[in-house]
Amino acid sequence: MQRGVSLIFVKCAFFLASCITGMKAHIAAVTDPILKITGLDKTYPGRGAAPAVKALDNVDLEIRKGEIFALLGPNGAGKTTLIGAVCGLVRPTGGTIEAFGKDLHRDWRNIRSRIGLVPQEMAVDIFDTVIRSVRYSRGLFGRPADEKRIEEVLRALSLWDKRDAELRMLSGGMKRRVLIAKALAHDPDLLFLDEPTAGVDVELRRDMWRQIDILRELGVTIILTTHYIEEAEEMADRVGVIDNGRILLVDDKAAIMTRLGRTEASFALNEPMLEIPPTIMREGLSLSEEGRVLVFRGGDGAGGGKEAVAEVAQQLARQGIGYSAIDMRESSLEDIFVKLVEDQPEIAA
Amino acid sequence: MTMGFNARSAWAIYKRELARAWRTVFGTIISPVLTTCLYFIVFGAAIGSRMTDIGGVNYGAFIVPGLLLLTLLSESTSNGSFGIYMPRFTGAIYELLSAPVSVAETLVGFVGAAVTKSLIIAVIILATATLFVDYTIAHPFLAFVYIVLVASSFSLFGFILGLWADGFEKLQMVPLLVLTPLTFLGGTFYSIDMLAEPWRTVALFNPIVYLVSGLRWTFFEQSDVTIGVAFVATAGFLALCIGIISWIFRTGWRLRD
């Protein structure tokens with residue numbers, strides 16, 4: 001299996017080399033906004049006794065050219081609605097969307113021809129063959145027939161050998177690759193991946209990550225939504241967190257870790273304490289497990305907390321307070337995400 | 001690209017729909033042809049041989065335009081509705097909605113394919129009819145135009161049904177409960193002149209009467225209503241369907257959340 005993955009990687013590299021000249025001459029500055037969303041609202045009207053649902057609430061978001069942006073959020077947060085609003089599947093009730101410097105409402109045809117979408121659901125005609133399905137996608141987006149290009153896309157996604165297979169005969173992971181191939185068939189500049197690795201095994205997921213990396217190299221701007229925090233950690237340049245239709249946070253991954261990350265250290269004490277002695281007391285220190293564990297939570301998530309932990313350890317030694325073990329960890333993006341969603345009013349304030 | 005017609009997109013939809021028909025060739029083509037053959041055997045050959053001529057036309061030949069229309073209406077409606085309903089049902093409609101495709105290109109693709117299938121069926125039925133009855137078409141060009149007009153109108157009507165239906169039951173409801181009865185009562189197998197009053201007057205409220213009459217006139221130069229009225233009624237129905245579909249795409253009704 002490992003060999004298979006390596007082979008795929010080699011194919012991807014070949015794909016990259018063969019395509020890079022013919023594609024995206026405008027891979028320019030990475031800071032240009034390729035997508036600008038301002039004050040976007042979407043309210044689904046109530047049905048019967050059910051009240052109206054505000055799926056997007058005054059969303060502002062800018063996506064830079066060439067970046068991979070991960071949009072994180074729990075189920076029902078508004079991730080898919082946001083993608084749908086840009087891709088034409090959802091009618092916003094307010095706000096504006098600009099892509100490639102043009103207004104989506106006015107220049108919808110031009111803009112849509114440059115956007116690709118990989119949906120969350122396996123929404124395909126299962127009786128169609130792989131190659132026919134990909135050809136259809138290219139034609140639908142107004143691109144001229146190009147069998148060489150179709151072959152390149154299929155080979156890059158390891159689908160060439162399955163080109164004449166009906167989609168119903170493929171595994172879930174392969175079907176997802178077909179969805180990606182369909183989205184890439186018209187060479188989009190901006191690609192939306194809605195939960196691209198949902199339901200695929202770990203190996204395929206890592207394979208997908210490599211595909212996404214290659215697309216980034218080609219200059220394709222990628223916006224992905226995901227439940228897997230490690231996916232955002234692995235792939236994204238910037239991360240946005242959305243919940244209840246509101247964007248809670250958008251920042252560079254490293255900046256988020258620095259701003260909201262924490263160091264957590266637990267000292268397993270030899271003798272339980274009733275209270276923390278004033279000589280070692282400092283912000284972030286607390287007792288747990290009936291005084292048997294001294295816990296420090298603090299720092300900035302970028303290594304700053306380690307110094308504080310070292311100081312606590314020295315203070316304990318000076319005071320003759322013995323401990324048998326130290327368990328220390330830096331908070332992950334997942335911890336930050338969970339805290340953000342749990343403490344929404346606090347963050348918003 | 002903002003203005004103009006995106007022919008590649010329309011062609012992609014058209015080809016895909018025809019490929020889908022080829023995959024389901026039995027249901028799409030062979031089945032309606034077989035059904036029509038059975039009508040010819042029962043009404044044309046078996047019962048028709050005992051019927052008197054109608055307006056100087058042999059009964060077997062008289063029912064050819066009606067039977068052709070019966071199949072055209074049901075197949076055009078069915079093809080038009082399934083073409084758009086299936087992607088809605090599977091969720092694959094996302095691709096069409098996110099593509100740079102306008103209403104015009106969508107209709108040319110989907111409805112064009114539905115009309116093509118209907119025309120193929122029409123040719124097969126007319127060819128098959130010659131095996132059972134002798135008939136000639138007085139105005140073949142007009143007949144062709146009229147068949148295209150009817151097939152287009154009802155493919156558009158089917159397209160609306162495919163957008164409206166939120167389940168397979170609804171998809172079948174209108175063709176089975178509305179179209180089929182109206183077609184049978186619309187002079188498919190008889191002239192409405194054969195009806196006594198007030199049923200003859202009542203029959204004139206059935207829009208299918210005008211369709212059957214129009215097509216029958218192109219075959220035998222005789223019909224229950226004047227050909228001009230039939231053409232105007234059919235073209236009006238076509239325009240109404242296009243208007244409704246344009247509204248659906250503009251508002252996103254049943255398409256976009």
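Two residues are in contact if their C-beta atoms, placed from the backbone, lie within 7 Å of each other. Keep that in mind, everyone, as we walk through this structure. It is a predicted model, where local features need pLDDT of at least 70, side-chain atom pairs count only at pLDDT 80 or more, and totals for chains, interfaces and linings use all residues. Residues are numbered from 1 along each chain as its sequence is written, while chains are lettered from A and ligands numbered from 1 in the order in which they are written.

Let's start with chain A. Among its contacts with a separation of 6 or more, 73% are accounted for by residues 24 or more positions apart. Chain A has 12 helices and 14 strands; these are DSSP runs numbered from the N terminus, helices being H or I with at least four residues and strands being E with at least two. Of its 349 residues, 38% count as buried. Buried here says that 20 or more other C-beta atoms lie within 10 Å of the residue's own; with 12 or fewer the residue is exposed, and in between it is partly exposed, with C-beta atoms placed from the backbone.

Now the sheets. Two strands pair if DSSP finds at least two bridges between them. In what order do the strands of the 6-stranded open sheet run? The order is E6-E7-E8-E3-E9-E10 in chain A, and the pairing is mixed. E6 and strand E10 (246-252) of chain A are at the edges with a single partner strand each, so one side of each has no neighbour in the sheet. From one strand to the next, the twist averages 15°. For angles, axes are lines fitted to C-alpha atoms, for helices over the stretch in contact, and the values run from 0 to 180 degrees between N-to-C directions.

Let's follow this sheet from E6. E6(A) pairs with strand E7 (residues 190-194) of chain A in the parallel sense, over 4 bridges, and Gly116(A) has Leu191(A) in E7(A) as its bridge partner. Going on, E7(A) and strand E8 (residues 221-226) of chain A are also parallel, over 5 bridges. There, Leu191(A) has Ile222(A) in E8(A) as its bridge partner.

Are the faces of strand E6 (residues 115-118) of chain A covered or uncovered? Both are covered: Ile115(A) and Leu117(A) on one side are buried, and so are Gly116(A) and Val118(A) on the other. Here is a handy general point: in a regular strand the side chains alternate between the two faces of the sheet.

Helix H9 (residues 253-260) of chain A lies across E9 and E10 of chain A, at about 105° to E10(A).

There is another open sheet in chain A, with 4 strands in the order E2-E1-E4-E5 and antiparallel pairing. Its edges are strand E2 (53-64) and strand E5 (102-103) of chain A, each with a single partner strand, so one side of each is left without a neighbour in the sheet. Inside it, strand E1 (residues 33-44) and strand E4 (residues 94-99) of chain A pair in the antiparallel sense over 5 bridges, and Leu35(A) stands opposite Ala99(A) in E4(A). Helix H2 (residues 79-87) of chain A lies across E1, E2 and E4 of chain A, at about 65° to E2(A).

Next, the core. A nonpolar core is a set of buried Ala, Val, Leu, Ile, Met, Phe, Trp, Tyr and Cys residues joined through C-beta atoms within 7 Å. Which residues touch the most other members of the largest nonpolar core? They are Ala70(A) and Ala181(A), out of 142 residues. Leaving aside residues up to four places away in sequence, Ala70(A) touches Leu224(A), Thr226(A), Ala232(A), Met235(A), Ala236(A) and Val239(A).

Finally, chain B. It has 10 helices and 0 strands. Its radius of gyration (taken over C-alpha atoms) is 19 Å, close to the 18 Å from the globule rule for 257 residues, so chain B is as compact as a globular protein of that length. That rule is 2.2 Å times the number of residues to the power 0.38. Buried residues make up 46% of chain B.
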